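Please read the report below alongside the sequence and the three-dimensional structure.

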There are 2 protein chains.
Amino acid sequence: MTVNNDLLKERQNATIKSEDFAVWWSGGKDELYKRRALEKLFFDDPQFDDPKDIMNYTHKQLYEYTTAKSTKVIQKLREWYREEQKKQGVRTTSIEDMYLFRSLLSGPLGTGLFQQNFPLRLHFSMFLTALLGQSNEEQCREWLEKAWNMKGIIGTYAQTELGHGTYIRGLETRADYDIEKREFVLNTPTLTAYKWWPGGLGHTANMVILMAQLYIKDKHYGLQPFLVRIRNERTHQPEPGVDVGDVGPKLGVNGVNNGFLGLKNVRIPLKQMLSKHNQVLADGTFVKGPEPVMLYSTMSYVRVNIVKDVSFNLLQAAVIATRYSAIRRQGIESASPKKEIQVLDFLTQQHKVFPQIAKGIFYRLAADYVWELYRSVHKELEQGNKRNLSELHALSCCLKAVCSHEAAKGVETLRKSCGGHGYLNSANFMAIYGSATAACTYEGENTVLLLQTARFLVKYFEEGIRRKYLPKSVVYLRTSGQVKWSLNLETIVKILEYTSLERVKYVFLQQRSFTKAQPDRSAQKGANRAGLILTQTAIMHGKAFLARMSYEEINKQINKGKFNDSLKPVMQQLLHIFILELFLTSLDDILRFNRSITAKEIEQIERLYEEMLLAFRPNAVALVDGFEFHDRVLGSTLGCYDGRAYERLMEEARKCELNQEPVNQVFDTHLKQLLQAKL
Amino acid sequence: MTVNNDLLKERQNATIKSEDFAVWWSGGKDELYKRRALEKLFFDDPQFDDPKDIMNYTHKQLYEYTTAKSTKVIQKLREWYREEQKKQGVRTTSIEDMYLFRSLLSGPLGTGLFQQNFPLRLHFSMFLTALLGQSNEEQCREWLEKAWNMKGIIGTYAQTELGHGTYIRGLETRADYDIEKREFVLNTPTLTAYKWWPGGLGHTANMVILMAQLYIKDKHYGLQPFLVRIRNERTHQPEPGVDVGDVGPKLGVNGVNNGFLGLKNVRIPLKQMLSKHNQVLADGTFVKGPEPVMLYSTMSYVRVNIVKDVSFNLLQAAVIATRYSAIRRQGIESASPKKEIQVLDFLTQQHKVFPQIAKGIFYRLAADYVWELYRSVHKELEQGNKRNLSELHALSCCLKAVCSHEAAKGVETLRKSCGGHGYLNSANFMAIYGSATAACTYEGENTVLLLQTARFLVKYFEEGIRRKYLPKSVVYLRTSGQVKWSLNLETIVKILEYTSLERVKYVFLQQRSFTKAQPDRSAQKGANRAGLILTQTAIMHGKAFLARMSYEEINKQINKGKFNDSLKPVMQQLLHIFILELFLTSLDDILRFNRSITAKEIEQIERLYEEMLLAFRPNAVALVDGFEFHDRVLGSTLGCYDGRAYERLMEEARKCELNQEPVNQVFDTHLKQLLQAKL
């Protein structure tokens with residue numbers, strides 16, 4: 001392989017070994033080798049090579065190609081999985097296996113195979129999880145193994161409607177229980193009741209878990225989950241009363257076959273209401289189950305995964321931009337006029353690129369942190385202990401909102417840092433952005449999640465003094481007194497926490513006075529009036545948490561000896577870049593609530609931040625190599641390992657269908673007349 | 001026309017008349033009526049109706065359709081133009097006509113006809129302007145009329161190369177003068193020398209103005225413009241030695257046929273070096289002309305137009321989001337549980353949408369302001385007076401960078417404010433974003449432009465005391481002393497200016513100390529080291545200018561009686577929203593450099609900002625109606641005048657090619673096997 005000279009030099013001159021970082025990033029050598037072996041298995045398999053002209057595919061062609069390919073990928077993944085089970089002497093499938101499939105399909109492996117996502121993903125990420133989480137034992141026995149093996153079943157999860165997303169109580173799809181026939185009659189009574197958005201729903205899934213308002217004898221019993229066949233198992237024809245299709249081309253994830261679904265008097269047997277929580281007896285008696293606390297934690301599980309996904313998206317983009325910035329040259333330095341300057345040497349460029357690398361890393365660590373929290377809360381719940389459930393909920397809401405927003409913004413910053421060429425589809429930033437920005441809206445729209453977080457903060461602040469126990473992430477709500485200045489990360493983290501505390505205090509008082517000011521003293525109206533500052537408060541909390549978590553985590557890992565002598569200072573640089581950037585982008589709040597910080601101190605932070613960018617510069621390429629994203633995972637003309645960006649840009653352009661003939665027919669049909677027009 | 005009930009009510013309950021705003025926005029009744037008549041002429045013409053299934057077009061199909069359509073549009077536009085000339089008794093074509101064409105084709109009319117832009121646009125916006133600006137009299141006589149009438153000529157402007165954009169001295173394309181044959185020999189000697197990006201270049205243009213490094217007897221004479229035929233006038237085949245094609249699909253403007261161009265020993269006669277500024281005599285003597293000051297002002301002209309374009313993009317998106325937010329409902333209020341709340345009633349939503357309306361309006365006013373400046377500087381230059389040239393340059397750089405960045409960001413904020421549906425292509429945010437974000441990169445990459453602005457600011461600050469004359473936009477650099485607090489816009493504008501002044505002072509001192517700290521005391525290295533704070537300083541200046549300009553402009557218009565009693569308070573609200581948002585998003589700098597502002601005062605600003613959002617709320621729909629964007633200009637399922645968003649979403653989805661058959665073939669070929677797999 002011919003590698004671009006600039007990249008060669010970058011790799012030679014680095015003080016770290018990419019492999020060292022890769023081992024840490026993967027969670028150890030074993031994990032790294034496993035990942036490499038698995039990716040090799042798939043990426044070296046010629047049946048998964050995309051055709052040369054995939055860039056010219058229509059929405060329909062992309063669907064057909066992606067679906068066909070994904071059946072082969074699933075087959076192969078299963079074979080691999082059975083081999084693994086054999087090796088480990090395991091014979092049963094556990095929930096961990098579902099997690100594993102979900103994580104493989106949405107991480108580097110799945111992305112390297114499907115840059116625009118694929119329609120079967122939802123079967124694993126949502127359908128199986130929901131089926132497991134909402135079925136009673138009998139239903140599990142009947143459906144779960146079949147579903148896991150896709151025996152006659154491709155599923156998806158249908159909740160969102162054309163007219164309602166976030167406010168799920170407003171969903172209009174109805175399930176009326178017909179006592180005589182012991183069946184539910186399903187309907188989307190209005191246009192806005194159409195299910196809209198579920199992945200794989202358009203032309204792929206033949207069953208859905210449908211969220212619908214349950215009515216028995218016209219009495220409403222709230223939203224319940226139903227297992228509904230929408231396409232015939234053998235013919236794939238829509239079942240009678242089913243109106244289903246694709247929602248059309250989108251900004252991203254065009255391979256995922258998001259669909260719409262209308263139902264007209266579709267009937268399913270009684271036993272297909274998923275009844276882990278609530279149940280309907282044959283005679284129409286509604287049996288309310290215990291509060292579905294586990295459901296809340298499931299939503300947290302989904303959101304943690306989103307944080308992990310967007311961290312990955314951000315890193316994809318950061319690897320592309322880092323490599324391209326090392327080979328792109330612009331302008332000369334009067335001292336060495338022979339060769340132009342690498343763009344990566346400009347401080348302004350470093351400021352665009354390096355914080356994104358740091359964010360990608362620390363968002364993944366944050367996801368790992370909340371994932372551990374999820375596991376421990378789950379255990380606590382099984383013991384009837386709910387004291388950390390609200391924190392899990394609030395933290396996963398907050399991080400999902402903050403990280404998806406920042407990641408999407410970061411991908412765009414990185415795209416623009418590549419100048420015009422970032423704008424080409426072949427650079428692949430658009431597909432990456434399409435994934436990252438979608439995460440701002442699905443599984444809880446960000447503003448709504450921030451409001452939920454803020455409500456939690458205000459509540460815990462208000463009750464803080466009386467509560468014996470405060471969950472870890474909000475312990476700082478009990479601190480008091482301004483922080484004494486000192487130029488180190490510990491102090492900076494404390495200032496961020498103090499600022500967040502002051503913000504919570506401020507919003508608590510404001511909200512109270514807003515409520516008082518309402519003619520009807522409505523707390524709801526008061527909360528709406530405080531909406532803006534509430535969301536800002538949740539963001540500040542998220543930043544404070546991210547700073548604290550990353551600070552403690554890196555120090556813990558240093559103490560455990562996880563970094564060798566060459567890697568340690570580089571990780572320290574990244575930690576500084578991450579936390580100082582959090583500080584500098586919170587300066588409005590910090591100065592507002594910490595009146596004692598001086599201009600000189602801010603200058604010190606600014607200079608330190610710049611110095612860290614410059615210090616990190618020599619290892620940038622070697623470090624991003626350590627994420628070990630295969631060229632197919634990046635999917636970019638600009639970011640390949642060999643750095644031959646210009647060659648690839650030209651190769652891709654030549655593949656464009658329009659370039660297959662020197663003169664397009666439109667010359668003869670139209671342009672010619674224009675050129676000869678008599679005026 | 002059936003109009004959505006919510007929109008009907010919004011229009012009934014407004015206190016302003018949309019028409020009143022429309023008159024002001026269009027610059028008077030005459031202008032408004034003219035615009036309406038012109039748009040009617042085109043939008044009512046059935047030959048310009050797009051086919052139902054245009055959403056399914058490939059890149060190639062879109063090119064062919066767009067090019068064909070654009071020839072018809074140009075024909076019709078010419079007919080209209082000749083009619084207008086007749087009416088006014090004018091027979092010659094002036095530079096104003098070129099401006100007019102440019103402005104019509106990039107504004108609502110052009111956008112309503114071509115949502116993804118079109119390949120002939122560059123002929124009018126760049127080719128003609130450059131031809132006029134760089135040709136000597138003889139060349140003007142020979143080419144200008146032909147070019148204006150497209151007699152055998154479709155042109156574009158080819159400067160940017162695969163390997164170089166912003167740093168034009170690094171361009172590699174060569175023009176070697178062959179004295180014997182009195183010809184220039186044109187070459188792109190490397191892969192990176194390929195011209196890359198010019199609109200219309202791929203398959204449409206048959207001539208280009210080519211920027212190339214001139215060599216005479218191997219001596220370098222800098223970058224010069226050459227007029228080059230690249231495709232045969234009759235056959236449209238690429239000329240010998242010409243390698244030309246489309247650069248491939250992009251994030252946006254996919255109708256514009258951006259192209260690449262390689263040249264191998266292509267020869268053109270001596271007289272086709274455009275010689276307004278410099279000339280080559282037959283014997284190879286290079287005659288250097290006077291400094292091309294007019295060229296700088298031409299770049300300013302291009303950048304002013306970009307500010308206008310992105311203001312338009314932002315307003316397109318704002319109209320869509322405003323209307324959709326009025327019909328979208330989410331959640332109930334306990335006081336009135338019957339009907340869900342309009343999303344537009346949430347303060348968080350108002351904060352997403354209304355500042356964008358204000359920005360769209362005031363960015364247009366800023367463009368108008370700089371346009372006037374451009375005209376007056378042009379006149380001054382003709383009289384040999386250059387004292388405002390630097391300001392024109394700096395201001396147009398700064399505003400282009402600040403407004404394109406904010407507009408692109410704003411379009412994305414608006415898209416996300418529409419929830420998931422904003423993600424669909426049929427909502428059209430993506431095409432709008434594609435236009436707005438491209439403007440961050442072309443015609444001077446934003447970071448580079450900000451650095452140029454900052455250099456100007458530092459220079460004028462440093463020389464401020466000695467200079468007799470300071471251009472208007474930097475007069476504030478001479479003020480001193482902190483601003484005395486008072487809760488009114490005048491004070492807030494002054495605080496923004498004071499903050500900008502302090503920032504300039506800070507960066508001036510820092511840059512000096514950075515330079516001193518370099519081992520070789522290199523000013524260039526010092527400037528790079530100061531790069532980050534330099535760009536931030538330029539942004540702060542841009543904000544201060546925008547605040548001052550809009551404050552003075554609206555007050556001037558009020559004093560002139562341009563707003564009636566119902567419109568005046570609404571314009572005041574928009575002005576407040578605009579300036580207070582500038583204040584609140586600059587709070588980090590404001591508090592850093594104005595230590596006397598109290599927490600209480602910030603609260604006052606925050607409350608005032610929120611109150612202005614709430615006050616503007618009842619007129620939001622009526623006001624955006626007043627931009628009079630035809631449904632075709634918005635091109636959005638979500639934003640149409642009649643508010644039938646859900647109906648249109650469904651209609652568009654049904655048009656998707658994938659939905660034309662109930663079962664896709666991939667079921668038989670692949671899915672079926674997966675469903676029946678033996679495990």
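## A salt-bridge network

A:R503, A:R529, A:D589, A:R592, B:E606, B:R607 and B:E610 are linked in a network of salt bridges, a salt bridge being a side-chain nitrogen of Lys or Arg within 4 Å of a carboxyl oxygen of Asp or Glu. This is a predicted model, in which local features need pLDDT of at least 70 and side-chain atom pairs count only at pLDDT 80 or more, while totals for chains, interfaces and linings use all residues. Residues are numbered from 1 along each chain as its sequence is written, chains are lettered from A and ligands numbered from 1 in the order in which they are written, and side-chain values use heavy atoms, with hydrogens and water left out.

Because B:E610 lies in helix α19 (residues 599-616) of chain B and A:R529 in helix α15 (residues 523-529) of chain A, the pair joins two chains; helices (H or I, at least four residues) and strands (E, at least two) are DSSP runs, numbered from the N terminus. B:E610 is buried at a relative accessible area of 1%, and A:R529 also counts as buried, at 13%, where buried means under 20% relative accessible area, exposed over 50%, and partly exposed in between (1.4 Å probe, protein chains only).

The size of an interface is often given as the accessible area lost when the parts come together. Chain A and chain B bury about 12,500 Å² between them, with 60% of it on carbon and sulfur atoms; buried area here is the accessible area (1.4 Å probe) that two parts lose on being put together, summed over both. The contact takes 146 residues from chain A and 146 residues from chain B, contact meaning heavy atoms within 4.5 Å.

Across this interface the rule finds 12 salt bridges, and it also finds 62 residue pairs in polar contact, both residues being at pLDDT 80 or more. A polar contact is a pair of N or O atoms within 3.5 Å; within protein, one must be able to donate a hydrogen and the other to accept it, and residues adjacent in sequence count only if both atoms are side-chain atoms. On the side of chain A that touches chain B, α4(A) gives the most, with 12 residues. The residues of that side divide into 57 nonpolar, 50 polar and 39 charged, where Ala, Val, Leu, Ile, Met, Phe, Trp, Tyr, Cys and Pro count as nonpolar, Asp, Glu, Lys and Arg as charged, and the others, Gly among them, as polar.

## Helix α4 of chain A

Helix α4 (residues 59-88) of chain A has 30 residues and reaches 42 Å from its first C-alpha to its last, close to the 44 Å expected at 1.5 Å a residue, the expected span being 1.5 Å times one less than the number of residues. Just after α4(A), A:G89 takes a positive phi of about 65 degrees.

## Charged pairs within chain A

A search of the whole structure finds 104 salt bridges over all chains. One of the pairs joins the side chains of A:R415 and A:E412, at 2.8 Å from N to O; because the two are three residues apart in helix α11 (residues 389-417) of chain A, they are separated by about one helical turn. A:R415 is buried at 1% relative accessibility, and A:E412 is buried at 5%.

A:D44 and A:K40 also meet through their side chains in a salt bridge (2.7 Å, N to O), but here A:D44 counts as partly exposed, at 46% relative accessibility, and A:K40 is exposed, at 54%.

## Individual positions

A:R323, which is found in helix α9 (residues 293-327) of chain A, counts as buried at 2% relative accessibility. Its side chain is joined to that of A:D625 by a polar contact of 2.8 Å. Not counting residues up to four places away in sequence, the residues that A:R323 touches include A:L7, A:R11, A:D631 and A:Y641.

A:W197 has a positive phi of about 110 degrees although it is not a glycine; it is placed in the loop between β4 (195-196) and β5 (207-216) of chain A and is buried, with a relative accessible area of 16%.
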